[in-house]
Amino acid sequence: MTTTSAPLNRKDLFLRACRGETLSRLPVWMMRQAGRYLPEYRAIRRNHAFLEVCKTPDLAAEVSLQPFRLLGVDAVIIFSDILIPAEAMGLKLELGDAGPNLPEPVRSKGDVQKLKLFDPEIDTAFLPEAIRRVLREVGPEVPVLGFAAAPWTLACYMVEGRTREGFATVKSFLLHEPATFRELLHRIAEATIPYLKAQIAAGAAAVQLFDTWCGELSLGDYQEFALPATQEIISSLGGSTPVIYYTKASHHLLPAVARAGANVLSVDWRVDMHALRLKLGPHIALQGNVDPAVLFGPPEEIRRATQEALSALGGTGHIVNLGHGILQHTPVENAQLFIETGQQSLSQEAKPAANWR
Ligand code: CP3
């Protein structure tokens, strides 16, 4: 573990944080940072449907760059959606104002076997192309992040068809047909591996797996179903590009989540990051974890919550982020305050959290 004080570019900062190094200034970005809270995003969406933006490299690149230009975030996540691979695997996908809808969901063994493995350089060529365009704009000193859903979270949408309370349909699939459900998770993993490799080949500095719904599972079911499929993806990526694994409401799962093989765990605001570091040790970096709702508070509260997150790990192996995606009606100036506060140098007094050593 080294302490760095020389000025670093954004990509160095990001990669060093992923590797667990101690930095005096941490990288900061926000999940869903390209989105509806930005008037510039809404202006593009007035003329282009959501999936059209995802599938048009110039538009996807432009929207990805908005938070970089407007807020100065330290990483550019490529604009896309976790459901893009579901469509490439053969499912119909609608993304309207009511959220995602898959009108022909996966409900049987036959449905699972119909799911295609696709060629990301052909069927989702717009995504690596958008990454290349963003890189041409920002140059090699800014990290561009690729992403995909973790298998369980994508399976939730594929089976439910849309987000519903309780996840009864997907859980009943898991309970009635565990072998077929495992096959579904495995097939998603098999499709996701080349999809992420294509993003890395296009220049993604790191990739994030979103497991937004893993907190719905018991520890036993997480370990039996969700975890092996996630491990399959991460181990197949080979280890040279950092993998960030986002899980939400996963307090009961975290020691198992840590076995997924990711370099960085992205956690929500329910998690005490300092306590988690003590439990997991220094080899797993952490990302997070300000409650996105805090950005609706007064400036002093935004500053306080951000500074608290910033100092939680003493600057060691830490990427500052929200605990979930930025909310739609967040005032832009509050997002700006979060970024600016997160980018401040850690003061000496803010460092004692390194006492886990
Ligand atoms: O982070 C970024 O800025 C990159 C883009 C990104 C989007 N979705 C754009 C988007 C990323 C990384 C995602 C991930 C995603 N998509 C997740 C995992 C993270 C999370 O928030 O839990 C999930 C579960 C989805 C599925 C999804 N896509 C939902 C549930 C919705 C509707 C809810 C909502 O916020 O509207 C979407 C649509 C979506 N994806 C929007 C954006 C900007 C809004 C669409 C619009 O412009 O109208």
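Reply: Lys114 and Asp111 sit 3 residues apart in helix H6 (residues 109–114), so about one helical turn separates them. Helices here are DSSP runs of H or I with at least four residues, strands are runs of E with at least two, and both are numbered from the N terminus. The two side chains form a salt bridge, with their closest N and O atoms 3.6 Å apart. The rule asks for a side-chain nitrogen of Lys or Arg within 4 Å of a carboxyl oxygen of Asp or Glu. A search of the whole structure turns up 19 salt bridges.

Bear in mind that this is a predicted model, where local features need pLDDT of at least 70 and side-chain atom pairs count only at pLDDT 80 or more, while totals for chains, interfaces and linings use all residues. Residues are numbered from 1 along each chain as its sequence is written, and side-chain values use heavy atoms, with hydrogens and water left out.

Now zoom out. The chain splits into domain 1 (1–33 + 243–357) and domain 2 (34–72 + 76–204 + 206–241), with bounds from an automatic or database domain assignment. Their C-alpha centres lie 23 Å apart. Domain 1 puts 38 residues into the contact and domain 2 puts in 40, contact being heavy atoms within 4.5 Å. About 3,300 Å² is buried between the two domains, and carbon and sulfur atoms give 60% of that area. On the domain 1 side, Gln33, Val243 and Tyr245 lose the most area to domain 2, together 21% of what that side buries. Buried area is the accessible area (1.4 Å probe) that two parts lose on being put together, summed over both. For salt bridges across this interface, the rule finds 0.

The largest pocket holds about 1,100 Å³ of space. Its lining has 38 residues, and the closest to its centre are Arg32, Arg36, Phe50, Asp81 and Leu95. Helix H2 (39–47), strand S4 (94–96) and strand S5 (99–101) are the elements giving two or more residues to that lining. A pocket is an open set of points on a 1 Å grid over the protein atoms alone, where a 1.4 Å probe fits and protein lies on both sides within 12 Å along at least five of seven lines; lining residues have an atom within 4 Å of a point. By type, the lining divides into 22 nonpolar, 10 polar and 6 charged residues.

Arg32 lies in the loop between strand S2 (22–23) and H2.

The second largest pocket holds about 220 Å³. Of its 15 lining residues, Trp269, Asn289, Ala305, Glu308 and Ala309 are closest to the centre. Helix H13 (273–280), strand S10 (285–290) and helix H14 (299–311) each supply at least two lining residues, and H14 gives the most, with 5. Asn289 has its place in strand S10, and the peptide bond from Gly288 to Asn289 is cis, with omega near 0 degrees.

Key: Grid points are joined across faces, edges and corners, and a volume is the space filled by probe spheres set on the points. Ala, Val, Leu, Ile, Met, Phe, Trp, Tyr, Cys and Pro count as nonpolar, Asp, Glu, Lys and Arg as charged, and the others, Gly among them, as polar.
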